[in-house]
Amino acid sequence: MMRKNDREDYNFAFLDEGSKREIRRSILHAIGIPGYQVPFGSRELPIGRGWGTGGIQLTMSIIGPEDTLKVIDQGNDDSVNAVSIKRLICHTTGVETTTDTQKADIIQSRHRIPEEPLREDQVLVLQVPQPEPLRRVDPHEEVTRQLHADGEYTGIWVNLFEALLTRGSPFLGASHPVLVDGRYVMSPSPIPRYDNPKLHQAQCLYLFGAGREKKIYAVPPHTDVVSLAFEDHPFRQEDMSGRKCRLCGAENVYFDELVDEKTGETYYQCSDTGYCQKRRQQQEQAECQGKGPNHG
Amino acid sequence: MDNRTPVLEGNHITVRFGEGCDYCRSHPEIERGRCPKCHTIWAVRDVSFQLFPGEILGIVGESGSGKSTLLRALYFDRPATSGEAHISLYHQGKTNILQASSQQKRYLRNHLMGMVYQNPMLGLRMGLSSGANVAEKLIAAGNRNAGEMIGRSQQLLRHVEIPVERMKEAPAVFSGGMQQRVQISKATANNPPILFLDEVTTGLDLSVQAKVLDLIRSIQKELGIAMMVVSHDLAVIRMMADRTMVMLGGRVVEEGLTDQILEDPIHEYTQTLVSSLL
Amino acid sequence: MGYVAVTGGQEAIDASIELLRDYRSRGDVPVDLTALRDRMGLLIDRIMSEAGLYAPDYAALALKQCEGSPEEAVFLLRAYRSTLQRNYTSCTVDGSQMHLRRRISSAFKDIPGGQQLGATYDYVHRLLDFSLEQENEEEVQSWKEQFRAETEETQALSDQAPRVLDLLRQEGLLEQVEEDTSEPCDITMEKLPLPAPRSAILQTLTRADTGFVSGLAYSDIRGFGMSHPTIGELRYGWLDIEVDSPVEEGERIYVGAVDITEVEGLMGSRPGSSGIGVGYGCVMGRNDTKAIAMAVLDHALTLKDTGPTSDMEFVLLHGDCLEMNGFISHLKLPHYVTFQSKLDGLRNQKRSMGHDEEK
C-alpha cells in the first residue's frame, strides 16, 4: 500500500488536521497539570497498538515540515521498530531525521532518555505502554482515577514496602514511579531508574503518549520530579559502576550487557547508540588531527 | 477524654436499595425490610445509636437484618441513603461524615477507624506479605520510614501471636484464624479510636473463636478502643459487648445493657434469640 | 536480541516485506477480489463489524493484502478509517424498519409477522461436501437463476414486521428503562468514559472481537454470571441509511443500506425489580452468535454482580481487536533496557539476601 511518497495520498503527518488540533489541545492540558493523565481520543494508526502509537500521535501532532526528527528504541536509532516509526513519519511528512540528539527538534523514544542533556527548544516524546502507576494497585480505571483525585497513594507505597520486605529493595526495575510537582504520582514510562533523575528540573519538555490506553501526560521544563523512596532507603539507580563501553570507552552511562559468542565474556556497550557513535567520530577526528602534521 | 460524649454517633441512618413506594414509605415494619409491592430493600432503616469511648457496642441479628450493612455504611464501603453520623474527634463532631468528601472519608478511615471483616479477602491483600498488610495502615496514616514500619509490624504481629519469621508470607497461605489475627493487627496498627468488627469469628473453629475473641478483648482493654461488634451469635455478643442493639428487618427493635437484654428480653424476636442461647 | 543490536533495521524490514510478498503469492492462482467479497461473505461481515467500517470491497482488499488474517484485515480497515473525514452523521436508524431476511424468536411460537428461518447453518449437518471440490460454475449459475425466480414468486407483501418485545413492553412486563435522549458518545473520537454510558457500551461491544464477546457471554451463561437468556427476537436484514439534507431542511437523502443482525434478549429480572431485563445486541452483517453474545453482555453490565461479565472495565477494555493483538504482539519488541534494569534488581536482591544469610 505504501508508495514511494505517501504525502500525496495522505494528509501531512497522516492524521487529519482536526485530530491533530485535538491532540495538541490535550497536550496543552497535560502541560498545564504536570503528571496528570489527560484522556484523549486515540486514533488508529498503520502501526500496531502497543508499538508506540501514543508517541507517534504526539509527534505527528506537533511536527512541522522544518523539524528534524530522531527516533530511538531502547536507546537505539537503528532498531527495527524505531526505523519503522521513523519511516512512517518521514513518508507522511518529508522531514529530515538525525541520530544526533543535539541536532533533533523532536526525539521520540521508547524506554530511554538520551545521555546528552536536552535543551529548552527540544521535545522528548516517550512511548508509554501503561500510563497508570496505580494499575497494580487496582485494575479499574474508575478506582485509580479517584485515588489520583484524592491524592491517595498508599497502595503504591505498600507495593514498594513489599518489595523491600520480601525482596530486599524497593528499587527493582524500570518504570519506577515519580511524584511530579508535589501532586501526581506518575509512571515515567519503562525507562530504567538510571534515567529518572533526568526528568527533574529539566530544560526540555517531556511528553508521554499511551495510544492503546488513550492517555497523554507531560513534564514541563523546570518541574520537580522526585522518584518515590522511603526516608531511610534513598533512591538508587541501576549499578553501572566499573563498566566501560567496548566501542567508545564511555563510563557513567547506561549500558547494554552483551556476551561475546567466542569467549563467553560479558562486555558492555552504550545503550544510547547515537551518543556512542558521536563519541567515536570525535575520537576519530581527534586522531586524524593529531596525525595530521606528521603526514604533512 | 470525656466519657459522656459519644466518640461516634449515628442519627436516623437509612440504607435502601431501590426507590421505595408510597406503601413501603408508610410501613416501617415490612417483613425482612423488603417491600412486597415495589421490591425495594430497606437494608438499614432509621437507625440511631451512640458509641462511647472505650466501650464495646454489640449488634446482633439474623442474616439480612442490616447489621453488617450499617457497619459498611459507617466505614464508607457503601453509601448511606440518608441519616447522619458524627465523630467527636473530627471537626468537634460537627461534620456529618456520611456526607463527607471522598478525601475526608479517606482521612477518617486512615486515621480514626479500623475494620475487621468476616471475609479476610476484604480486609487483606492476599497477594502481599502479612508485614506489608499491617504496614499499609501505617503508610496510609503518612509514615514513610520503612525501618520504623518493619519494626512496628513485627511488634503488632507478635502481639497477635504470629511468628516474626512468617511476616514475609502472604496471608493467603495462613489458616482462617491467623488471617483474622493479621486483620486485627492491621486494623489496630495506628491505634484508631474506633474499631468495627463484622462477624469476625464466624466460620472459625470454636477453640479458635475463643482465642480471637480473647485477643480482641485484651487489645480493647489495653488501648481503650471503642468497638462496634456485629454478630449473629448471641454467645459472642454476651462475651464481648457492654451494650447491645438487636436488629431485625433493617430496624433496631431493642437495645440496652447486654446483661439486661439477656435476662429480660422485651421484643418477641429477642426472646426467641435468648431462649435459643439457653 | 540480535536483531536490534545488529545495525541495519531498515534492511531487515525491507527484506521482511519482500518475504511477505513471497508468502502472499504462493501457488499460481490469484485471489479474485470479487469472489472474496461475494463468496466469503461471513468473513467480510466479521471484518467490517470489528473494524467499524461498512466497506465490503475494502474488506476484501484487506484480506487479500494480509493473507486472510482477520485481525490484520481489521487493522488495515481501522487505520484507513482514521484518515477519512467525517462529512455527515446519519439519521437515527430504527431496527423495526429493517427489511427482513431472517427473524426468529425462542420465546414465542407465534409472533406477529411470523417467524422466518432465512439462511442459517444452524440446521445444516457439518459434513464436508466433497462435491464442492469440483464445482461447476455454469451449473451453479443456472441453479441460481431458477432458485431466484421461484423464491421471488413466494415473497411476502411486506418485508417488515413489528418487534416481538413491543408486545411485552405494552403489557408492562419488561423492566422500566428511562428513555435516554442525550447525545450518544462516540468512542472513535474520545476515550471511553468510565463508567461508560449505554451508548458507549453498545458501540464498544459491537466493534469488539467476535471470539472475545462470544467467550465472555458463554462464561456468563455457563455459571460465572447471572443471565438466563431467552432470545425474544433475532432479526437479520438490511437497514436504509439516510442523512439530513444539507440543502433542504427536513429532507433526508438515502445514502445506502447496511446488513445488520439485531437481537433483543430476555434476561430475567434483577434483584429489587419485577420486570424482565432486556439485553440488546446489534452487529454489522450476518453474525447471530456475536449479536446474541452482545445482548448477554449488555445486560450483564447493568447488573451489580461480582462475576467478570459485570465488571465494566474488564469487559469493555479487553475486547478490541487492535488493542489486544497490538499489545500482545508488542511483546516481540526488544525489552532489553527494562530487562537490564530488572537484572540489576535481581542481582541486588541476591546480594542482599546472601548478606542476610551470612549474618
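The centres of domain 1 and domain 2 of chain A, taken over C-alpha atoms, are separated by 30 Å. That is where I will start, with the domain bounds coming from an automatic or database domain assignment. For chain A this assignment gives domain 1 as 6-227 and domain 2 as 255-295.

Before going on, a word on the source. This is a predicted model, in which local features need pLDDT of at least 70 and side-chain atom pairs count only at pLDDT 80 or more, while totals for chains, interfaces and linings use all residues. Residues are numbered from 1 along each chain as its sequence is written, and chains are lettered from A and ligands numbered from 1 in the order in which they are written.

Back to chain A. The contact between its domains takes twelve residues from domain 1 of chain A and seven residues from domain 2 of chain A; two residues are in contact if their C-beta atoms, placed from the backbone, lie within 7 Å. On the side of domain 1 of chain A that touches domain 2 of chain A, there are one nonpolar, five polar and six charged residues. In these classes, Ala, Val, Leu, Ile, Met, Phe, Trp, Tyr, Cys and Pro count as nonpolar, Asp, Glu, Lys and Arg as charged, and the others, Gly among them, as polar.

Next, chain B. Its domain 1 covers 8-112 + 195-277, and its domain 2 covers 122-191. Their centres, over C-alpha atoms, are 26 Å apart. Here 14 residues of domain 1 of chain B are in contact with eleven residues of domain 2 of chain B. Which elements give two or more residues to the domain 1 side of this contact in chain B? They are α3 (102-111) and α8 (206-223) of chain B, where helices (H or I, at least four residues) and strands (E, at least two) are DSSP runs, numbered from the N terminus. The largest share of that side, seven residues, is from α8(B). By class, the side of domain 1 of chain B that touches domain 2 of chain B has ten nonpolar residues, three polar and one charged.

Strand β3 (residues 56-60) of chain B is mostly covered, with five of its five residues buried. A residue is buried if 20 or more other C-beta atoms lie within 10 Å of its own, exposed if 12 or fewer, and partly exposed in between, with C-beta atoms placed from the backbone. In a regular strand the side chains alternate between the two faces of the sheet. In β3(B), I56(B), G58(B) and V60(B) are on one side, L57(B) and I59(B) on the other, and all are buried.

What does β3(B) pair with through five bridges? That is strand β7 (residues 226-231) of chain B, and the two run parallel; two strands pair if DSSP finds at least two bridges between them. I56(B) stands opposite M227(B) in β7(B). Four bridges also join β3(B) to strand β8 (residues 243-248) of chain B, again parallel. There, V60(B) is opposite V246(B) in β8(B).

Chain B also has an open sheet of three strands, in the order β2-β1-β4, with antiparallel pairing. Its edge strands are β2 (41-51) and β4 (82-87) of chain B, each pairing on one side only. Strand β1 (residues 8-17) of chain B pairs with β2(B) over seven bridges, in the antiparallel sense. Within that pair, I13(B) stands opposite V47(B).

Now chain C. It is divided into domain 1 (2-81) and domain 2 (95-119 + 135-319), with 29 Å between their centres over C-alpha atoms. Eight residues of domain 1 of chain C are in contact with 13 residues of domain 2 of chain C.

Between chains, the contact takes 41 residues from chain C and 48 residues from chain A. The elements that give two or more residues to the chain C side include α1 (2-5), α6 (70-81) and α14 (336-358) of chain C. Of these, α14(C) gives the largest share of that side, twelve residues.

Last, the largest nonpolar core, which has 211 residues. A nonpolar core is a set of buried Ala, Val, Leu, Ile, Met, Phe, Trp, Tyr and Cys residues joined through C-beta atoms within 7 Å. Among the residues that touch the most other members are F161(A), I47(C) and L297(C). Helix α11 (residues 288-300) of chain C gives the largest share of this core, eight residues.
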